[in-house]
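User: I want to know what lies behind the labels used for this model. Please take me through them.

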Amino acid sequence: MRFLIKRLTFSCASNCSRSLFHHNAMNSRCVQLAEVGRLNTPKNQGKYDTGQLFLHRVFGYRGVILFPWLARVYDRDIPNKRERSIEDTSHVSKEVKGSTHTFYQVLIDSRDCPHIRAQTEAVTFLGNQESSRSLYAIPGLDYVAHEDILPYTTTEKQPLQHELFDKFLMYTSEKDPPFAAQETLRAWQKKNHPWLELSDVHKETTENVRITVIPFYMGCRDSQTSSVYWWRYCIRLENLGELTVQLRERHWRIFSLSGTLETVRGRGVVGQEPILSKSLPAFQYSSHVSLQAPSGHMWGTFRMEREDGYTFDCRIPPFSLESKNDESNPSGFI
């Protein structure tokens with residue numbers, strides 16, 4: 001049986017060695033296939049350790065696990081299967097029971113970034129600067145759900161290309177996985193915990209299109225007249241059906257504790273109108289929002305068009321924007 005995940009191909013027939021291969025495209029006419037490791041059996045129980053190499057189940061990139069987060073997942077499909085009106089905003093405050101789930105902070109191999117069907121994720125927070133709109137970012141850092149981890153092993157001592165790999169991990173032949181955390185990783189995690197922490201995940205499915213939202217607090221900037229609070233939110237769209245769909249429009253509503261309600265409409269997301277097909281079912285992106293209040297919430301819809309011409313509004317699950325104590329903003333990751 002052969003699995004094809006984007007540009008990553010591996011075989012796991014019963015009589016094969018479960019070798020893991022990766023395509024390196026030299027140009028449009030020449031493609032090289034290189035063995036990068038051996039596929040392991042995914043864990044149904046327990047957590048993966050720091051230093052575990054993996055493939056992303058959906059986006060197909062190579063990565064390495066830094067450390068886990070235990071998040072609360074609010075899946076609106078589980079407690080209430082009935083259809084709700086798009087214009088009915090009462091579900092914004094509706095209590096949905098959350099369940100705990102493991103996600104991982106990971107590094108993405110920079111060689112795979114150009115081929116990922118998503119934005120190359122970047123953890124962002126406010127820099128230690130006067131401008132309230134100044135953001136600090138490090139690309140190639142992502143958050144991955146436990147079930148999206150496909151673990152593999154390799155004999156390479158530097159199997160991943162990322163500027164932080166050698167700073168955070170060191171090769172140790174007697175360990176499994178053989179990449180152990182350095183003190184710099186532990187110090188980085190402790191220092192930047194408020195800005196890295198993944199605490200809540202929100203999910204909802206409409207017409208076989210599942211939307212997952214993860215919000216992150218980024219910090220606050222004070223001026224003589226007001227304070228501005230910033231959040232980043234990561235959104236993943238995934239087509240669970242057979243028919244291809246395309247995102248055409250977005251419609252956001254942003255409520256601030258100060259009492260304001262803002263409506264935002266526009267074509268596509270981040271300048272794109274992504275197509276979600278059976279072979280390429282998912283798209284992921286990040287954006288930012290600011291409020292002049294310490295909390296608020298967001299919700300909305302994506303207008304989707306199916307290949308048969310049918311259009312529908314796909315609900316974006318409502319999520320809270322909550323600030324944290326940030327007496328001193330960090331000035332950098334390392």
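Analyst: Start with strand β5 (residues 53-56): Leu53 and Leu55 point one way, Phe54 and His56 the other way, and all are buried. This is a predicted model, where local features need pLDDT of at least 70, side-chain atom pairs count only at pLDDT 80 or more, and totals for chains, interfaces and linings use all residues. Residues are numbered from 1 along each chain as its sequence is written, and side-chain values use heavy atoms, without hydrogens and water.

User: Why do side chains in a strand alternate?

Analyst: In a regular strand, the side chains alternate between the two faces of the sheet. Strands are DSSP runs (E, at least two residues), numbered from the N terminus.

User: What makes β5 and β6 a pair?

Analyst: Two strands pair if DSSP finds at least two bridges between them. Three bridges join β5 to β6 (residues 62-75), so the pair qualifies, and the strands run antiparallel. Leu53 has Val64 as its bridge partner in β6. Five residues separate the two strands of this hairpin, and Gly60 in the turn has a positive phi of about 75 degrees.

User: How do you know that β5 pairs with β11?

Analyst: Four bridges link β5 to β11 (residues 149-153), in the antiparallel sense. Phe54 has Pro151 as its bridge partner in β11.

User: Why is Glu207 called partly exposed?

Analyst: Buried means under 20% relative accessible area, exposed over 50%, and partly exposed in between (1.4 Å probe, protein chains only). Glu207 has 40% relative accessibility, so Glu207 counts as partly exposed. Glu207 has a positive phi of about 50 degrees, although it is not a glycine.
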